[in-house]
Amino acid sequence: SKFDAVPLDLVFQLAPGRLLLDRGSADILGGHLNIDGATFDAVTGKGFATFSVSNIDLSLVSQLIDLEEFEGTGRLSGRVPVRIDGDRVAIDNSELVAAEPGVIRIGSKLLRQQLGDQEDTVDLALRALSDFKYQELSLEMEKPLTGEGSVLAHLKGANQAVLEGHPFVFN
């Protein structure tokens, strides 16, 4: 395993058929995680929790999600509200924001093979993202109870090797 067990401090109550979490915290991914006011009802199978993260290390997150040809540096903070309904999970209005500038490196062998040596906008974006020094980074995550979720990344910065370091804004 890439990551060891994480000690978790919890303050909770057990009521008939319910778990009430007053608060929880853990040091994780080089930063800190807080859980505030979570509940789970075993009878209805419904629950919710809000996870607040601060200073999570993006390089450790990129190792954890293990996407081929993706690396990142920087620290992320924000909130991730989660709802549970039976065996379904939703994430509502979640946003993580980088506190300081960093670097994102995204490669795509498959896309490059399909695009060839085209000098179009997509190729330009792929070249910029191969070593992108961002000034701003935010991630918005949404996932309904049913269906697929989405992650919307907002990046503002430049790659000094592309268009003489001309700034890019990606959404």
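1. Arg 105 is partly exposed, with a relative accessible area of 33% (partly exposed lies between buried, under 20%, and exposed, over 50%, using a 1.4 Å probe and protein chains only). Its side chain meets that of Asp 131 in a salt bridge (3.0 Å, N to O), a term for a side-chain nitrogen of Lys or Arg within 4 Å of a carboxyl oxygen of Asp or Glu. Arg 105 lies in strand E8 and Asp 131 in the loop between helix H3 (121–129) and E9, so the pair ties together parts 26 residues apart in sequence. Salt bridges with shared partners join Glu 71, Arg 105, Asp 131 and Lys 133 into one network.

2. This is a predicted model, in which local features need pLDDT of at least 70 and side-chain atom pairs count only at pLDDT 80 or more, while totals for chains, interfaces and linings use all residues. Residues are numbered from 1 along each chain as its sequence is written, and side-chain values use heavy atoms, leaving out hydrogens and water.

3. The whole structure holds 6 salt bridges. One of them joins Arg 75 and Asp 57, with the closest N and O atoms 4.0 Å apart. Arg 75 belongs to strand E6 and Asp 57 to strand E4, so this pair ties together parts 18 residues apart in sequence. Asp 57 is buried, at 16% relative accessible area.

4. In helix H1 (residues 58–65), Leu 58, Val 61 and Ser 62 are buried. They lie on the same side of H1 because they cover an arc of only 100 degrees around the axis, taken from the directions from the helix axis to the C-beta atoms. Helices (H or I, at least four residues) and strands (E, at least two) are DSSP runs, numbered from the N terminus.
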